[in-house]
Amino acid sequence: MPIATEHMYTSKDARILSGEPIIKGTRTPVRAIVELWRMGVAPEEVTRHLPHLTQAQVFDALSYYSNHTDEINRHIERNRVHDELIDPRVREFEP
């Protein structure tokens with residue numbers, strides 16, 4: 001069952017990504033938007049990478065992150081692929 005947050009476009013649902021904060025009506029986690037932003041993608045450009053989202057949803061996710069930094073950082077770390085697990089052939093393409 002979805003659980004509302006204090007943010008208009010962000011919710012949690014134990015059935016989706018184990019209750020990780022997501023954009024309502026999607027399976028897109030807030031952390032995905034935050035990670036793009038942390039890689040230097042401007043908020044206005046995130047919708048080019050995630051075209052199913054609106055600008056309002058992107059900014060709401062970043063606002064959620066601002067209010068729940070520790071929580072989202074834990075989700076980012078938990079989902080991080082450790083370097084030793086990345087196939088060397090893929091690493092060749094990293095900048």
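The model is predicted, and the chain in it has five helices and three strands. Read along the sequence, these elements follow the pattern β-β-β-α-α-α-α-α. The C-alpha atoms fill a box of roughly 40 × 30 × 20 Å, taken along the principal axes, and of the 95 residues of the chain, 39% count as buried. Among the contacts with a separation of 6 or more, 44% are made by residues 24 or more positions apart.

**The sheet**

- The three strands form an open sheet in the order S1-S2-S3, and their pairing is antiparallel.
- Strand S1 (2-4) and strand S3 (22-23) stand at the edges with a single partner strand each, so one side of each is left without a neighbour in the sheet.
- S1 and S2 run antiparallel and are joined by three bridges, and these two strands form a hairpin with five residues between them.
- Within this pairing, Ala4 has Ser11 in S2 as its bridge partner.
- Strand S2 (residues 10-13) also pairs with S3 in the antiparallel sense, over two bridges, and here the bridge partner of Thr10 is Ile23 in S3.

**Salt bridges**

- Side chains of opposite charge can pair when their charged atoms come close, and a search of the whole structure finds six salt bridges.
- One of them joins Lys12 to Glu71, with the closest N and O atoms 3.0 Å apart.
- Because Lys12 lies in strand S2 and Glu71 in helix H4 (residues 69-79), this pair ties together parts that are 59 residues apart in sequence.
- Another salt bridge is formed by the side chains of Glu20 and Arg31, at 2.5 Å from N to O.
- Glu20 lies in the loop between S2 and S3 and Arg31 in helix H1, so this pair ties together parts that are 11 residues apart in sequence.
- Glu20 is buried with a relative accessible area of 2%, and Arg31 counts as buried at 14% relative accessibility.
- Glu20 and Arg31 also belong to a network of salt bridges that includes Arg78.
- A further salt bridge brings together the side chains of Arg48 and Glu45, at 3.0 Å from N to O; Arg48 counts as exposed at 68% relative accessibility, while Glu45 counts as partly exposed at 30%.

**A buried charge without a salt bridge**

- Asp60 has its place in helix H3 (residues 55-67), where it is buried yet has no salt bridge.
- The nearest side chain of opposite charge, Lys24, is 7.3 Å away, and a salt bridge needs the nitrogen and the carboxyl oxygen to be within 4 Å.
- A polar atom of the Asp60 side chain lies 3.0 Å from the backbone nitrogen of Tyr9.
- Leaving aside residues up to four places away in sequence, Asp60 touches His7, Met8, Tyr9 and Thr10.

**The aromatic pair**

- A search of the whole structure finds one aromatic pair, and this pair, formed by Trp37 and Tyr65, is edge-to-face, with 6.2 Å from centre to centre and 70° between the planes.
- Trp37 lies in helix H1 (residues 30-38) and Tyr65 in helix H3, so the pair ties together parts that are 28 residues apart in sequence.
- Trp37 is partly exposed, with a relative accessible area of 38%, whereas Tyr65 counts as buried at 11% relative accessibility.

Terms used. Residues are numbered from 1 along each chain as its sequence is written. This is a predicted model: local features need pLDDT of at least 70, side-chain atom pairs count only at pLDDT 80 or more; totals for chains, interfaces and linings use all residues. Side-chain values use heavy atoms; hydrogens and water are left out. Helices (H or I, at least four residues) and strands (E, at least two) are DSSP runs, numbered from the N terminus. Buried means under 20% relative accessible area, exposed over 50%, partly exposed in between (1.4 Å probe, protein chains only). Lys and Arg count as positive and Asp and Glu as negative; His and the chain ends are not counted. A polar contact is a pair of N or O atoms within 3.5 Å; within protein, one must be able to donate a hydrogen and the other to accept it, and residues adjacent in sequence count only if both atoms are side-chain atoms. Contact means heavy atoms within 4.5 Å. Rings of Phe, Tyr and Trp (its six-membered ring) pair if their centres lie within 6.5 Å; planes under 30 degrees apart count as stacked, over 60 as edge-to-face and the rest as tilted. Two strands pair if DSSP finds at least two bridges between them.
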